[in-house]
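Here is a briefing on one protein chain.

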Amino acid sequence: MTPDPRRLLPSADPVSLIDPQGRVADSPSHALPDDATLLRSLGLLITARRLNDQAYALVRQGRLAVYPSSHGQEACQVAAAQVLEAGDWLFPTYRDTVAAVVKGVDPVEALSLLKGDWHCGYDPYLHHVAPHTTPLATQLPHAVGVAHAARLRGEPTVVMAMSGDGGTSEGDFHEALNFAAVFQAPVVFFIQNNEYAISVPLSRQSAAPSLAHKGIGYGVNAERVDGNDMAALLAVLGAAVERARAGEGPQLIEAHTYRMQAHTNADDATRYRDEADVQAWAERDPILRLRAHLRERGLLDDAAEAAFTAEAERAAAHLRDGLNKDVTPNPEDLFSYVYASPTPQLREQAALVNDELSREGAL
């Protein structure tokens, strides 16, 4: 059945619960998360920022091949992982290392692929986190498939399918939304609109009033949220997950945020955007905003913030130590995990490699 068209139209302005100065902004549709959740979120944000900075340093040291930083938009990822239950699935993009870590993946394992390893580095089934890989938007149909399968089995699983604004220009995005809507799959499509797809600005990607408006054509409920407001993200994403779990079908959330650093370490962002724009977004930093709010309400003191900083340093040290270890690859692994039962061709290829390596060893 076609959903009520009045419910499909996203709000004119993104939902915001805490303004850039940390003051509470009234919202008729969402309540402020509880104090304990906001405090925990600040700690996670501080750790996320430190992990981003440490990963960038590891790139310069040659320990990572590439790193797409989420510096400045960490709140989106921390919130996305926090609103999920243990059995829910997360389908991240290449920029969502932080979301995978908050969902329980060891940061060293989360970055194995970006180090140059041949596999994703962790067990997706253990953490309910899909492989953290670089193809654009291809994870979205997979996410819908997992959600649809869970619904057919009668499981209460919800899937968080993450995407950037550039991903919405891919065919996979449109196919995923249509399939999810037709089959009422319990999936939350979460678009992190950080204004640029590498060097292409949003104005050259879409003529829609917002990316959330893309849900209308598929009959998917959509909402816009301030992507630098941790409280609003928790409220909006949490409500979307609840609706999906209650059988109300797929949900589409667009978060308005900004990528403060280059697309990756291989990108020169100064070639396509002005420093003044970057500085304007710096004033809306999610950490500064949440810290100001908690300080104003007397919920955060120097001791608590010092503890958050210390935990962030421990996480960074763990990441640094883990990626500084050299791993000797086993050539047999090239063939061990392709099929459950090796094909004759695969066994033949493995034998050729083993023969060549044994002859090299004899020489």
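Cys120 is buried, because its relative accessibility is 13% (buried means under 20% relative accessible area, exposed over 50%, partly exposed in between, with a 1.4 Å probe and protein chains only). This is a predicted model, in which local features need pLDDT of at least 70, side-chain atom pairs count only at pLDDT 80 or more, and totals for chains, interfaces and linings use all residues. Residues are numbered from 1 along each chain as its sequence is written, and side-chain values use heavy atoms, with hydrogens and water left out.

**Cysteines**

- Cys76 is buried too, with a relative accessible area of 0%.
- A disulfide is a covalent bond between the sulfur atoms of two cysteines.
- The model has 0 disulfides, counted as pairs of cysteine sulfur atoms within 2.5 Å.

**Salt bridges**

- Side chains of opposite charge can pair when their charged atoms come close.
- The structure holds 17 salt bridges (a side-chain nitrogen of Lys or Arg within 4 Å of a carboxyl oxygen of Asp or Glu).
- One of them joins Asp326 to Arg63, with the closest N and O atoms 2.7 Å apart. This pair links distant parts of the chain, 263 residues apart. Asp326 sits in the loop between H13 and H14, and Arg63 in the loop between helix H2 (35-60) and helix H3 (74-82). Helices (H or I, at least four residues) and strands (E, at least two) are DSSP runs, numbered from the N terminus.
- Asp326 is exposed at 66% relative accessibility.
- Glu155 pairs with Arg153, and their closest N and O atoms are 2.9 Å apart. Glu155 is partly exposed, with a relative accessible area of 34%, whereas Arg153 is exposed at 56%.
- Arg295 and Asp302 also meet through their side chains, at 2.9 Å from N to O. Arg295 is partly exposed at 33%, and Asp302 is exposed at 56%.
- Asp226, Asp229, Arg284 and Arg289 are linked in a network of salt bridges.

- Asp226 lies in strand S6 (residues 221-226).
- Asp226 counts as buried because its relative accessibility is 7%.
- Leaving aside neighbours within four places in sequence, Asp226 is in contact with Pro14, Val15, Ser16, Leu233, His256, Arg284 and Arg289. Contact means heavy atoms within 4.5 Å.

**Largest pocket**

- The largest pocket has a volume of about 430 Å³.
- Pockets are found on a 1 Å grid over the protein atoms alone: a pocket is an open set of points, where a 1.4 Å probe fits, with protein on both sides within 12 Å along at least five of seven lines. Lining residues have an atom within 4 Å of a point.
- Grid points are joined across faces, edges and corners, and a volume is the space filled by probe spheres set on the points.
- There are 19 lining residues, and the closest to the centre of the largest pocket are Asp117, Trp118, His119, Val327 and Pro329.
- Helix H6 (112-115), helix H13 (302-323) and helix H14 (333-336) are the elements that give two or more residues to this lining.
- The lining of the largest pocket divides into 8 nonpolar, 6 polar and 5 charged residues. Ala, Val, Leu, Ile, Met, Phe, Trp, Tyr, Cys and Pro count as nonpolar, Asp, Glu, Lys and Arg as charged, and the others, Gly among them, as polar.

**Leu319 in helix H13**

- Leu319 is found in helix H13 and is buried at 0% relative accessibility.
- Beyond four places in sequence, Leu319 is in contact with Leu51, Gln54, Ala55, Leu58, Pro107, Val108 and Leu111.
- Leu319 and Pro329 are 10 residues apart along the chain, and their C-alpha atoms are separated by 20 Å.

**Second largest pocket**

- About 290 Å³ of space lies in the second largest pocket.
- Of its 21 lining residues, the closest to the centre are Tyr94, Leu136, Gly164, Gly166 and Gly167.
- Strand S2 (159-164) and strand S4 (196-197) each supply at least two residues of this lining.
- The lining of the second largest pocket comprises 5 nonpolar, 11 polar and 5 charged residues.
- Gly164 belongs to strand S2 and is partly exposed at 26% relative accessibility.
- Not counting residues up to four places away in sequence, Gly164 touches Thr93, Ile191 and Gln192.
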